[in-house]
Amino acid sequence: MTGQEKSGSPGAQGSRGTSLAEHSARPRAVIVHNPAPLGAFDGLSAAPAEETQRRYLFRERVNPQRASDEHDGLVRAISRAGVSVITLRSLVGATPHFAQARANPNQLYTRDAAITLPWAPALYLSARMAEPLRRPEEATMSAALEALGLTRLAWEGGHGTVLEGGDFVPFVREGRRCVLLGYGTRTTLTTVPRLREALLPDHADELIAVELAPGSLNLDGTVLPVSDTLVIAAPDNIVSATHWDGTGTRAVNLLGLFEELNMTVVRVGRHAARMQEACNYLCLGPNTAIGYDMCKPAVRALRDHGIDLTAVPGSELVKGTGGPRCMSRPVYGPPRSDSLTCPQSCDA
């Protein structure tokens, strides 16, 4: 274990270690990618409506200019929050890894193909994507994180093993480094014991595996802690939850677990979670988040509970079935000094 990882242990952060949870850990930078200037939305926008899901994994055709404008709005919101923005192109645009991004509209979602941990900022995990169309993103995001100086944490996959970043939420429960891991449509149950073996005890203390209802793509579309005292969730999309640690497994009531921590659960309906990404937020430090502006009740509820929420337009981007969290890969350690940080115009 490196000195940097040791400094991220629960004891170094106080009894609860709340600064290590995703919702309260302020990233040093966020990696984003706008596919529109590269023409990656062009084929999607011209495809027959009935083919967009099968060929591109998007729910509907996208207007490239409107989608680009909405992405620019997200990037401006990140910058206004005081967090550096790093474009994927600035990291790997001159390498063969970037070639797949030129025709892949799903590279918009920089969260999915690699995973970073607030309490181990020098490490990352490479994901195992469910859809063949998206598997080249794994190498691209790994190259980007390694360009920033991160080291891969190896884990054993295997047949049927899938792990996506949208299903992986770093949380802290009473001082224990806790991974909330969704499974069902994308990430598979067979992934859970493999991650337990790779992460425990050095890089996490426990996992809570959350079974998602059919039609719920990822965990961050169903439940997400957004502060030390607040969780937003679509209860109808949660089937069950199981606690995993070094001693074994046991069933838990996920929302009840949050309430036992004196966290308020803001509930949204299945439609809002699916069609408006009402549970999907990019957290940028204590009580600070960015989300879409479409689900007005969720926006009001988060603000009423003290969240400094920037609500950005997303009616075009949401057609890809992702939100601001999906379109961002936080980096928690200082980027290497020779990495390039730049505004959203770098992808033009």
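**View 1. Val-30 sits in strand S1, residues 29-32.** Strands here are DSSP runs (E, at least two residues), and helices are DSSP runs too (H or I, at least four residues), both numbered from the N terminus. This is a predicted model, where local features need pLDDT of at least 70 and side-chain atom pairs count only at pLDDT 80 or more, while totals for chains, interfaces and linings use all residues. Residues are numbered from 1 along each chain as its sequence is written, and side-chain values use heavy atoms, with hydrogens and water left out.

Val-30 is buried, at 0% relative accessible area. (Buried means under 20% relative accessible area, exposed over 50%, and partly exposed in between, using a 1.4 Å probe and protein chains only.) Leaving aside residues up to four places away in sequence, Val-30 touches a set of residues including Ile-78, Val-85, Leu-284 and Pro-330; contact means heavy atoms within 4.5 Å. Pro-334 is 304 residues away along the chain, yet its C-alpha is 11 Å from that of Val-30.

**View 2. Asn-34 lies in the loop between S1 and helix H2 (42-46).** Asn-34 is buried as well, with a relative accessible area of 5%. Its side chain has a polar atom 3.1 Å from the backbone nitrogen of Ala-36.

**View 3. Helix H7 covers residues 191-199.** Its buried residues are Thr-191, Val-192, Leu-195, Ala-198 and Leu-199. They span an arc of only 130° around the axis, so they are on the same side of H7. The arc is taken from the directions from the helix axis to the C-beta atoms. Strands they pack against include S3 (114-117) and S11 (238-245).

Technical notes:
A polar contact is a pair of N or O atoms within 3.5 Å; within protein, one must be able to donate a hydrogen and the other to accept it, and residues adjacent in sequence count only if both atoms are side-chain atoms.
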